[in-house]
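Let's take a friendly walk through this structure, starting with pairs of charged side chains and ending with a sheet. Keep the view open as you read.

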Amino acid sequence: MTAIRPQDAVERALSLSRTDDCVVIADEASTANLRWAGNTLTTNGVTRSSRLTVIALRNTGDGVAAGVVSRSAVDSDDIEDLVRAAEADAAGNEAAEDAAPLVRTAPSGGWDDDPAETGIGVFEGFAPALGEAFAAAQEGDRRLYGFANHALTSTFVGSSAGLRLRHDQPTGLLELNAKGAGGSAWTGVGTRDFTDVDVPALTGDLARRLEWGERRVDLPAGRYETILPPSAVADLMIYLYWSAGAQDAHDGRTVFSAPGGGTRVGERLASLPVTLFSDPAAPGLECAPFVVEHASGRESSVFDNGLALGRTDWIGEGDLTALTQTRRSAERTGLPLTPSVDNLVMTGPDGGASLDEMVARTERGLLVTCLWYIREVDPQRLLLTGLTRDGVYLVEGGEVVGAVNNFRFNESPVDLLSRLTEVGATGPTLPREWSDYFTRTAMPPLRVPDFNMSTVSQAS
């Protein structure tokens with residue numbers, strides 16, 4: 001095998017292309033991870049991976065057919081075979097519905113530089129703090145479990161139209177679970193480099209939750225005033241975001257479809273002036289400032305690779321303002337072009353309270369830790385079901401008085417927005433359910449007066 005730099009692989013694939021146009025994407029990734037159980041570090045390691053995607057485009061007379069082939073660990077001797085496979089795929093396909101002219105833009109800086117790389121050194125400041133947390137947990141008769149992962153991916157996008165763009169994406173996450181006499185408690189954070197992870201604060205919060213859990217209260221299913229922490233809000237809003245495709249809405253398939261045709265863009269969704277937006281330049285949540293698509297779908301198009309991305313408000317001051325789409329779906333729906341962006345932020349009115357302040361103002365209600373096993377029940381309403389996990393707590397008179405049983409919930413994040421009574425202060429958070437796919441979020445805690453805990457769950 002003959003190794004080849006990713007940007008050189010892009011150039012070689014383009015030079016070998018025989019179709020009318022070609023787009024090539026090279027991803028070079030490295031990861032570093034730590035895992036621990038029972039207050040003891042168990043494993044650590046570093047891995048590397050690479051992927052090369054060739055998108056062959058063939059003029060058909062009535063449009064453009066696309067052929068896409070992606071393979072891992074491609075060396076210099078394999079590139080021609082990959083290009084020919086993509087061309088063969090294009091030869092067998094009809095004209096693509098999402099066909100559009102290739103993007104032409106100025107090259108980005110750093111194209112010729114070596115790919116960025118992470119290593120175990122990213123945990124230099126975090127690991128000692130974790131060791132101190134193990135000792136404190138042991139002394140307090142608690143056990144810590146969890147993992148830390150850091151990935152750094154360099155993506156190179158080139159095309160026969162002259163596109164040469166590069167982006168280096170760091171993605172880090174920490175998940176911590178504590179077990180003790182008070183049951184189980186979870187917390188997690190997303191991070192770019194682990195320098196902003198406050199281990200004592202995180203483990204201190206876990207210890208407090210375990211103390212809450214030493215008193216158990218059984219409650220029946222029903223609708224309860226509920227405080228949703230940022231992590232749970234992130235999981236619900238990400239599902240809303242993933243379901244906000246303009247083409248599906250225009251075709252009458254989703255909760256964002258208007259009765260009689262078209263979409264609900266411009267309609268009031270939220271009872272309070274919340275804004276849900278994505279921005280490649282959001283501090284601490286930075287992501288690719290241009291479209292990178294390895295395959296076409298209902299809300300994505302390989303023809304859009306390289307399109308510049310900026311801030312997009314999906315919900316602005318409570319109103320639905322945009323839905324995700326491609327250039328072709330934008331032509332069809334008559335809405336502005338708003339491709340998806342790889343982060344998500346929700347904000348409310350200025351001066352939002354902290355989670356603790358919201359608890360202190362609660363006469364009687366539930367405080368949830370996080371949600372999991374979320375599944376869609378009805379796309380027309382975006383009705384979701386799922387379970388609570390790692391701590392549901394009863395609040396009375398502004399104080400947490402104990403832990404209650406877990407529940408199955410049935411809620412629509414769209415309907416939930418219309419029933420909000422309080423939006424707290426926004427801060428970075430990690431979604432529990434979707435952390436394998438989407439880590440760059442900042443959310444506020446939310447107060448819902450009648451969250452539907454539909455049945456009692458036997459999960460513990």
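Arg327 and Asp304 join their side chains in a salt bridge, with 2.6 Å from N to O. This pair connects distant parts of the chain: Arg327 belongs to helix H7 (residues 327-333), while Asp304 sits in the loop between strand E9 (275-278) and strand E10 (312-316). The two residues are 23 residues apart, and both Arg327 and Asp304 are buried. Please bear in mind that you are looking at a predicted model.

What lets such partners come together? Side chains of opposite charge can pair when their charged atoms come close.

Now turn to Glu11, which makes a salt bridge with Arg164; their closest N and O atoms are 2.8 Å apart. Glu11 lies in helix H1 (residues 6-16) and Arg164 in strand E5 (residues 164-180), so this pair ties together parts that are 153 residues apart in sequence. Glu11 is partly exposed, at 30% relative accessible area, whereas Arg164 is buried, at 18%.

Glu28 is buried, with a relative accessible area of 16%, while Arg48 is partly exposed, with 45%.

Salt bridges can also be found in a network: Arg223, Glu411, Asp415, Arg419 and Asp450 are linked in this way.

Next, the sheet. In what order do its strands lie? The order is E11-E10-E9-E12-E19-E18, and these 6 strands form an open sheet with mixed pairing. Strand E11 (319-320) and strand E18 (427-429) stand at the edges with a single partner strand each, so one side of each has no neighbour in the sheet.

Look inside the sheet at E9 and E10, which run antiparallel and are joined by 3 bridges. Ser278 has Thr312, in E10, as its bridge partner. Helix H5 (residues 230-242) packs on the sheet, where H5 touches E9, E10, strand E12 (344-347), E18 and strand E19 (441-443). The direction of H5 makes about 115 degrees with that of E19.

Note on methods: Residues numbered from 1 in each chain as written. Predicted model: local features only at pLDDT ≥ 70, side-chain atom pairs only at ≥ 80, totals over all residues. Heavy atoms only, no water. Salt bridge = Lys/Arg side-chain N within 4 Å of Asp/Glu carboxyl O. Helix = DSSP H or I, 4+ residues; strand = E, 2+ residues; numbered from the N terminus. Buried < 20%, exposed > 50% of the residue type's maximum accessible area, 1.4 Å probe, protein only. Pairing = 2+ DSSP bridges. Contact = heavy atoms within 4.5 Å. Axes fitted to C-alpha atoms, helices over the stretch in contact; angles between N-to-C directions.
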